[in-house]
Amino acid sequence: MKCPKCVEVELQEIKKESVFIDVCPTCKGIWLDRGELEMIVRELKQERTNKTKDKSTKDKKETTMLDVLSDLIVFW
């Protein structure tokens with residue numbers, strides 16, 4: 001798929017956790033397919049619910065969807 005902004009540049013598909021994200025190497029734009037944003041939001045809500053139920057997760061360092069999104073923003 002071509003970048004909607006750059007027109008001639010091919011998007012690179014990156015898999016982060018359970019979501020495939022299209023990224024433009026030129027403009028650094030991040031493009032989500034239908035349903036992917038909802039999937040990210042759902043996983044973030046689930047992670048928040050799990051953390052409030054189990055306070056012992058402070059000792060464990062797990063990769064959260066928020067970490068994945070933060071990595072993407074910093075990486076690109």
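This is a predicted model: local features need pLDDT of at least 70, side-chain atom pairs count only at pLDDT 80 or more; totals for chains, interfaces and linings use all residues.
Q: In what order do the strands of the open sheet lie?
A: Strand β1, residues 12-16, is joined to β2 by 5 bridges, and the two run antiparallel. On the pairing with strand β3, residues 30-31, β2 is again antiparallel, this time over 2 bridges. The edge strands, each pairing on one side only, are β1 and β3. The order of the 3 strands is therefore, with two strands counted as a pair if DSSP finds at least two bridges between them, β1-β2-β3.

Q: Which residue in the turn between β2 and β3 has a positive phi?
A: The strands β2 and β3, which pair in the antiparallel sense, form a hairpin with 6 residues between them. In that turn, the residue with a positive phi, of about 70°, is lysine 28.

Q: How far from aspartate 22 is the nearest side chain of opposite charge?
A: Aspartate 22 is found in strand β2, where it stands opposite glutamate 13 and has tryptophan 31 in β3 as a bridge partner. Leaving aside neighbours within four places in sequence, its contacts are Leu11, Gln12, Glu13, Gly29, Ile30, Trp31 and Asp33. A salt bridge needs a side-chain nitrogen of Lys or Arg within 4 Å of a carboxyl oxygen of Asp or Glu. Aspartate 22 is buried yet has no salt bridge, and the nearest side chain of opposite charge, arginine 34, lies at a distance of 12 Å.

Q: Which residue forms a salt bridge with lysine 2?
A: The count of salt bridges comes to 1. Lysine 2 is partly exposed, with a relative accessible area of 41%, and glutamate 10 is also partly exposed, at 42% relative accessibility. With the closest N and O atoms 3.3 Å apart, the partner of lysine 2 is glutamate 10.

Q: Is leucine 32 buried, partly exposed or exposed?
A: Leucine 32 is placed in the loop between β3 and α1. Not counting residues up to four places away in sequence, it touches Ile21, Leu37 and Ile40, and its C-alpha lies 6.3 Å from that of aspartate 22, which is 10 residues away in sequence. Buried would need a value under 20% and exposed one over 50%. The relative accessible area of leucine 32 is 34%, so this residue counts as partly exposed.

Q: Which cysteine has the sulfur nearest to that of cysteine 24?
A: The count of disulfides comes to 0. Cysteine 6 is in no disulfide, and the nearest cysteine sulfur to it, that of cysteine 24, is 3.8 Å away. Cysteine 6 counts as partly exposed at 23% relative accessibility, whereas cysteine 24 counts as buried at 0%. For cysteine 24, the closest cysteine sulfur is 3.7 Å away, which is too far for a bond, and it belongs to cysteine 27.

Technical notes. Residues are numbered from 1 along each chain as its sequence is written. Side-chain values use heavy atoms; hydrogens and water are left out. Helices (H or I, at least four residues) and strands (E, at least two) are DSSP runs, numbered from the N terminus. Buried means under 20% relative accessible area, exposed over 50%, partly exposed in between (1.4 Å probe, protein chains only). Lys and Arg count as positive and Asp and Glu as negative; His and the chain ends are not counted. Contact means heavy atoms within 4.5 Å. A disulfide is a pair of cysteine sulfur atoms within 2.5 Å.
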